[in-house]
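Visitor: I have a model open and would like to learn how to read its features. Where shall we begin?

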Amino acid sequence: MPFLVLLPPSEGKAAVADGAPVDLAALSLPGLSAARGRVLDALVELCRGDEETAAGVLGLSKGLRGEVARNAGLRTAPALPAGELYTGVLYDALGLAKLDGAAYARAERSVLVFSGLWGAVRLGDRIPAYRCSGGVKLPPLGALGAYWRRETADVLPAEADGLVLDLRSSAYAASWKPAGALVERTATVRVLQEKDGRRSVVSHFNKATKGRLVRDLLNSGAEPATPGELLEVLRGLGYTVEVAAQGTARKAWQLDVVVTEIH
């Protein structure tokens with residue numbers, strides 16, 4: 001891959017009325033198949049038991065208790081491509097459905113969506129709607145961030161030949177940490193809103209800007225191989241980007257994207 005884009009999932013999911021259920025053997029990154037099966041089994045077993053216990057483990061409010069029953073039926077629930085399933089601010093701004101054929105093909109090659117249930121999937125992978133965040137401690141597997149970090153360590157490095165653009169939130173960044181030579185080719189992005197001469201981190205601006213940034217990068221056809229090349233590409237696309245921390249052998253680059261409004 002010329003570059004790899006790492007995204008978080010979204011709590012919002014599209015409604016899936018019908019269709020075939022998930023086929024673990026058909027998902028990309030087959031090295032994660034057994035690990036996915038273990039998490040799926042554990043989640044279904046949890047949610048087929050006491051509802052109160054399951055809701056507590058998953059951190060669900062009373063208004064979301066219906067998610068427990070939905071999780072209990074994940075083995076037979078209809079599935080949808082991940083690129084259509086995930087909704088919310090970041091994915092609305094990314095606008096996958098509006099990309100032309102070439103840009104969408106780049107998205108399918110380059111984007112990985114991280115998940116507490118699936119580890120990481122590509123946009124074309126068909127999965128059902130679920131509720132299981134990356135911060136969950138799922139019996140008997142334990143903290144899913146640590147679980148997936150062990151399982152992805154030998155699988156994901158093979159997917160990254162060039163730049164790694166890491167746009168994940170902290171709960172999902174724990175699932176895989178680029179190591180070795182990959183570290184110096186990894187860039188994280190912080191979005192800062194500038195208003196009245198002051199800068200601050202604002203959740204909506206963060207998610208929407210990251211989605212728009214990925215959309216513009218895919219539409220441009222650019223294939224930056226290093227964080228330095230990414231910096232120049234983003235500036236050429238009209239973004240105000242600053243280097244907050246230059247990468248080292250042990251620490252990824254941190255780029256600050258400064259915005260005043262969302263288009």
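Guide: Let us begin with a loop. Keep in mind that this is a predicted model. P140 is found in the loop between β6 (137–138) and β7 (142–143).

Visitor: Which bond joins P139 and P140, cis or trans?

Guide: The general idea comes before the case. Most peptide bonds are trans. Here, P139 and P140 are joined by a cis peptide bond. Its omega is about -5°.

Visitor: Where does L29 sit, and is it buried or exposed?

Guide: Look in the loop between β1 (3–7) and α1. Buried means under 20% relative accessible area. L29 has 4% relative accessibility, so it counts as buried.

Visitor: Is D196 buried or exposed?

Guide: The cut-off for exposed is over 50%. D196 is at 74% relative accessibility, so it counts as exposed.

Visitor: Now helix packing. At what angle do α1 and α2 pack?

Guide: Helix α1 covers residues 33–48, and helix α2 covers residues 51–58. They pack at an angle of about 135°. Their axes are 7 Å apart. Angles over 145 degrees count as roughly antiparallel, and 65 to 115 as roughly perpendicular. The angle here therefore makes α1 oblique to α2.

Visitor: Which residues meet between α1 and α2?

Guide: From α1, take L43, L46 and C47. From α2, take A54, V57 and L58.

Visitor: How many residues of that contact are nonpolar, polar or charged?

Guide: The contact of α1 with α2 has six nonpolar residues, no polar ones and no charged ones.

Visitor: Last, a strand. Where is T240, and how accessible is it?

Guide: T240 lies in strand β11, residues 240–245. Its relative accessibility is 42%, so T240 counts as partly exposed.

Visitor: How far apart are T240 and V258, in sequence and in space?

Guide: Read both separations. In sequence, T240 and V258 are 18 residues apart. In space, they are 5.5 Å apart, C-alpha to C-alpha.

Visitor: Which residues is T240 in contact with, leaving aside its neighbours within four places in sequence?

Guide: T240 is in contact with D256, V257 and V258.

Key: Residues numbered from 1 in each chain as written. Predicted model: local features only at pLDDT ≥ 70, side-chain atom pairs only at ≥ 80, totals over all residues. Heavy atoms only, no water. Axes fitted to C-alpha atoms, helices over the stretch in contact; angles between N-to-C directions. Helix = DSSP H or I, 4+ residues; strand = E, 2+ residues; numbered from the N terminus. Parallel < 35°, antiparallel > 145°, perpendicular 65-115°, else oblique. Contact = heavy atoms within 4.5 Å. Nonpolar A, V, L, I, M, F, W, Y, C, P; charged D, E, K, R; others polar. Buried < 20%, exposed > 50% of the residue type's maximum accessible area, 1.4 Å probe, protein only.
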